[in-house]
Amino acid sequence: MTGTVVSPNPGVARQTWICTARLRLRPLCADDLSDLVELYADPEVMRGSSGVAVARDRAASEEWLRQALAIPTIGGWMTYRVEDRATGAFFGRCGLRPEAGSEKTELAYAFAQHAWWRRIATEASIAVVRNGFAAGLGRIVGCALAKNVASLRVLEKVGMRRVSEEPTSVGPLSTMKWTRPITTGLMKS
Ligand SMILES: CC(C)(COP(=O)(O)OP(=O)(O)OC[C@H]1O[C@@H](n2cnc3c(N)ncnc32)[C@H](O)[C@@H]1OP(=O)(O)O)[C@@H](O)C(=O)NCCC(=O)NCCS
């Protein structure tokens with residue numbers, strides 16, 4: 001279910017929220033900084049990152065948020081705060097963004113440990129991908145380190161398939177990439 005509400009982000013009149021059975025996804029805004037600082041300060045959360053795989057301090061999280069909010073919200077690109085639909089409690093972030101160095105759209109997410117193993121990442125990702133295709137995207141990719149079994153499983157459950165594996169600058173690890181043509185149906189969770 002999707003809906004529109006007045007955004008708490010000044011300068012953006014209305015934004016799309018997404019609701020699922022258990023979750024509410026709303027576009028990230030400056031008010032989310034403290035939750036993101038806590039999320040990114042956890043080395044276990046950052047360990048699976050295919051980018052900078054170390055815990056971030058407040059300044060680094062602030063910079064991450066600044067860059068996320070600077071991405072134009074066109075063609076389905078949007079990063080959401082994922083929260084408990086009933087209580088508003090913060091679970092993590094999930095969204096679509098341009099993949100670094102390419103014109104592809106990437107599904108990206110990170111969740112706090114208290115949200116792990118509850119299929120929250122899967123539920124949020126399916127909603128975000130569906131929204132992206134509804135917004136007109138033709139193809140969405142997901143990247144995860146080969147060791148990040150949970151993330152690869154989330155991508156698989158969204159409906160993506162492995163298309164390549166390549167070395168990355170993050171040590172001797174591989175990156176798995178998955179892609180899904182728009183004509184393929186989403187897998188049931
Ligand atoms: C990766 C991440 C999003 C997965 O979240 P999660 O809450 O475990 O995901 P879900 O509960 O939706 O589970 C997805 C699937 O992975 C499986 N899974 C979860 N953790 C696993 C693990 N450590 N090993 C193997 N399988 C795992 C689940 O069983 C589930 O599969 P199933 O439905 O077939 O049983 C979460 O661990 C996270 O945010 N990590 C830190 C940030 C990160 O790594 N982001 C991704 C960067 S590419």
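User: What share of the residues in the protein chain is buried?

Analyst: In this predicted model, buried residues make up 30% of the 189 residues in the protein chain. As for contacts with a separation of 6 or more, 53% of them are between residues 24 or more positions apart.

User: And how many helices and strands does the chain have?

Analyst: The protein chain has five helices and nine strands, and along the sequence these follow the pattern β-β-β-α-α-α-β-β-β-α-β-α-β-β.

User: Which element has the lowest mean pLDDT, and which the highest?

Analyst: Strand β1, residues 2-6, has the lowest mean pLDDT among the elements, at 42, whereas helix α1, residues 33-40, has the highest, at 98. Over residues 2-14 the pLDDT is below 50, although this stretch does have 21 contacts in the model beyond near neighbours in sequence. Where pLDDT is low, the predicted coordinates should not be read in detail. For the protein chain the mean pLDDT is 84, with 81% of residues reaching 70 or more.

User: Switching to the ligand, which residues are closest to it?

Analyst: The closest are Gly48, Ala121, Thr122, Ala150 and Arg153, out of 23 residues that surround the ligand. The elements giving two or more residues to this shell are β6 (105-111), α4 (120-134) and α5 (149-158), and the largest share, five residues, comes from α5.

User: What is the shell like by class?

Analyst: The shell around the ligand has 13 nonpolar, seven polar and three charged residues.

User: Now β5: why is it described as largely enclosed?

Analyst: Strand β5, residues 90-98, is largely enclosed by the rest of the structure because seven of its nine residues are buried. On one side of the pairing, six bridges join β5 to strand β4, residues 78-84, and the two run antiparallel; seven bridges join β5 to β6, again with an antiparallel run.

User: Which residue in β5 is the bridge partner of Tyr80?

Analyst: The partner of Tyr80 is Cys94 in β5, and Cys94 in turn has Tyr109 in β6 as a bridge partner.

User: What about the hairpins, where do they take a positive phi?

Analyst: In the hairpin of β4 and β5, which has five residues between the strands, Gly88 takes a positive phi near 85 degrees. In the hairpin of β5 and β6, with six residues between the strands, Gly101 takes a positive phi near 75 degrees.

User: Which residues other than glycine have a positive phi?

Analyst: Most residues other than glycine have a negative phi. Trp117, although not a glycine, has a positive phi of about 65 degrees, and Arg119 is another such case, with phi near 60 degrees. Trp117 is found in the loop between β6 and α4, and Arg119 is found in the loop between β6 and α4 as well.

User: Are those two buried or exposed?

Analyst: Trp117 is exposed, because it has 9 other C-beta atoms within 10 Å, and 12 or fewer is the cut-off for that class. Arg119, with 14 such atoms within 10 Å, is partly exposed.

User: Last one, Gly142: where is it, and is it buried or exposed?

Analyst: Gly142 lies in strand β7, residues 139-145, and is buried, since 25 other C-beta atoms lie within 10 Å. The C-alpha atoms of Gly142 and Arg161 are separated by 9.3 Å, with the two residues 19 apart along the chain.

Conventions. Residues are numbered from 1 along each chain as its sequence is written. This is a predicted model: local features need pLDDT of at least 70, side-chain atom pairs count only at pLDDT 80 or more; totals for chains, interfaces and linings use all residues. A residue is near a molecule or strand if its C-beta atom, placed from the backbone, lies within 6 Å of it. Helices (H or I, at least four residues) and strands (E, at least two) are DSSP runs, numbered from the N terminus. Ala, Val, Leu, Ile, Met, Phe, Trp, Tyr, Cys and Pro count as nonpolar, Asp, Glu, Lys and Arg as charged, and the others, Gly among them, as polar. pLDDT is the predictor's confidence in each residue, from 0 to 100. Two residues are in contact if their C-beta atoms, placed from the backbone, lie within 7 Å. A residue is buried if 20 or more other C-beta atoms lie within 10 Å of its own, exposed if 12 or fewer, and partly exposed in between; C-beta atoms are placed from the backbone. Two strands pair if DSSP finds at least two bridges between them.
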